[in-house]
Amino acid sequence: MNVNATLLGQAISFAILIWFTMKFIWPPLMAAIEERQKKIADGLAAAERARQELKDADARVADEIRKAREEATQIVDRANQQYNQIVDKAKTDAIAEGARQKAAAQAEIESLSHQAKEVLRQQVAALAVSGAEKILKREIDQARHRDLLDALAKEI
Amino acid sequence: MSTETSGGGGLTEYITHHLTHNVVKVGEGFWSVNFDSVIVSAVLGLIFIVWFSLKARKATAGVPSKGQAFVEMVIEFVDGQVKDVFHGDRRFIAPLALTIFMWVFLMNAMDLLPLDLIGSIAGLVGGPEFAHHFYFRAVPTADVNTTFAMSITVFFIIIFYSIKAKGAGGFTKELFTAPFHAHGTGAKIILAPANFFLNLVEYLSKPVSLAMRLFGNMYAGELVFMLISGLMITAIGFVPGVLINAGWAIFHILIIGLQAFIFMVLTVVYISMAHEHH
């Protein structure tokens, strides 16, 4: 256990080692460790942010779907309304058309019956003339008795 | 510590041989150097700084290699220990703690080398007569010079931090006025010697206990290895000797790390006490 100059040598070695460690070993390793810690922290924060964003996006998507569904319902409602309107209009149109056609038919019938009456009246007149001829059994001078015949035809 | 002249039987001579340093005389008395301690500690110190500085130069903040991860683990362990004890700028204290931990650990680890490894190599190289006069103690921390060199360096760092924290005047004043505080000049003068004596003991006990704890553990560990190898010489003692040797070596793996850790933590504690003293 004799103390000798080894003490000084070892103390100097120790001092050199401390200096070297402080200068060249500790700072770069600590810097690397701290930088990695920062990176990991940033990564975790980014993951958290992404998770939040995903949640927001999900909420937005759900909102969009809800809106689209409402719109679709509105469109269907409007279509139904329009359909009802069209059907109603078609019905009233059909009724109006029917009435118009009926009126036209009635007018035609009237005019036709009028014509028939006219034709009948003329035929009756001719018959009456021929009947009168037969009754009188003589030739009537058409030219002389025209005014008389016309008056007769008018009376019928 | 006389050399092989003590004789007195095989085991005693064996142990004495193994406990003798390879001394290189530079001058008289104090001026000689334990060559073995200096060379082994220097080589281990070089291994430490080369290994760590290579990893430090290649250090990336990305995915670390296994080697870098290991070095970072050591660094973070030491930094965590220092952070727990020392509150302040760690740019000097943490590297100091790392140096102490790694260097002492490596030096302690030399305890696990086979006792006769270096002697046998010397025998192979220079023959039995050379080996007989070749002394080599492979564990630098089982040499008081190494442990005291470290603890005295730490002692100066403690003094430096005390003066830095309190100022030269405050440090000197506290040497004479604490721990017994007095009011009035007369009482202060009376208490000054007692205070100074207590402070002296307190300050000096730190390097002494640091150095002696590490030295004692390593020296005793070495000695027990030698006694066990003495047991292994006999035919009956060989098998139990091997078993005990293995057991002691396994136990020593714990001691190696533990002593390095204790030296480191106590250094940091002493410095933080000096730093934070009011």
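Me: How many aromatic pairs does the structure hold over all chains?
Reply: This is a predicted model, where local features need pLDDT of at least 70, side-chain atom pairs count only at pLDDT 80 or more, and totals for chains, interfaces and linings use all residues. Residues are numbered from 1 along each chain as its sequence is written, chains are lettered from A and ligands numbered from 1 in the order in which they are written, and side-chain values use heavy atoms, with hydrogens and water left out. Rings of Phe, Tyr and Trp (its six-membered ring) pair if their centres lie within 6.5 Å; planes under 30 degrees apart count as stacked, over 60 as edge-to-face and the rest as tilted. Over all chains, the number of aromatic pairs is 21.

Me: Which kind of aromatic pair do B:Phe48 and B:Phe52 form?
Reply: Both residues lie in helix H2 (residues 35-57) of chain B, four residues apart, about one turn of the helix. Helices are DSSP runs (H or I, at least four residues), numbered from the N terminus. With 5.0 Å centre to centre and 55° between the planes, the pair is tilted.

Me: Is B:Phe134 buried or partly exposed?
Reply: Buried means under 20% relative accessible area, exposed over 50%, and partly exposed in between (1.4 Å probe, protein chains only). B:Phe48 and B:Phe52 are both buried. B:Phe134 has 21% relative accessibility, so B:Phe134 counts as partly exposed.

Me: Which helix gives the most to the lining of the largest pocket?
Reply: A pocket is an open set of points on a 1 Å grid over the protein atoms alone, with protein on both sides within 12 Å along at least five of seven lines; lining residues have an atom within 4 Å of a point. The largest pocket has 13 lining residues, and among the closest to its centre are B:His17 and B:Phe134. Helix H1 (10-18) and helix H5 (117-132) of chain B each supply at least two residues of this lining. With five residues, the helix that gives the most is H5(B).

Me: How far apart do the end C-alpha atoms of residues 40-122 of chain A lie?
Reply: UniProt lists this span as "coiled-coil region" in an unreviewed entry; such annotations may be inferred rather than shown by experiment. The span is 100% helix and 0% strand (strands being DSSP E runs of at least two residues). Its end C-alpha atoms are separated by 120 Å.

Terms used
1 Å grid on protein atoms, 1.4 Å probe; cavity = no way out; pocket = protein on both sides within 12 Å on 5 of 7 lines; lining within 4 Å.
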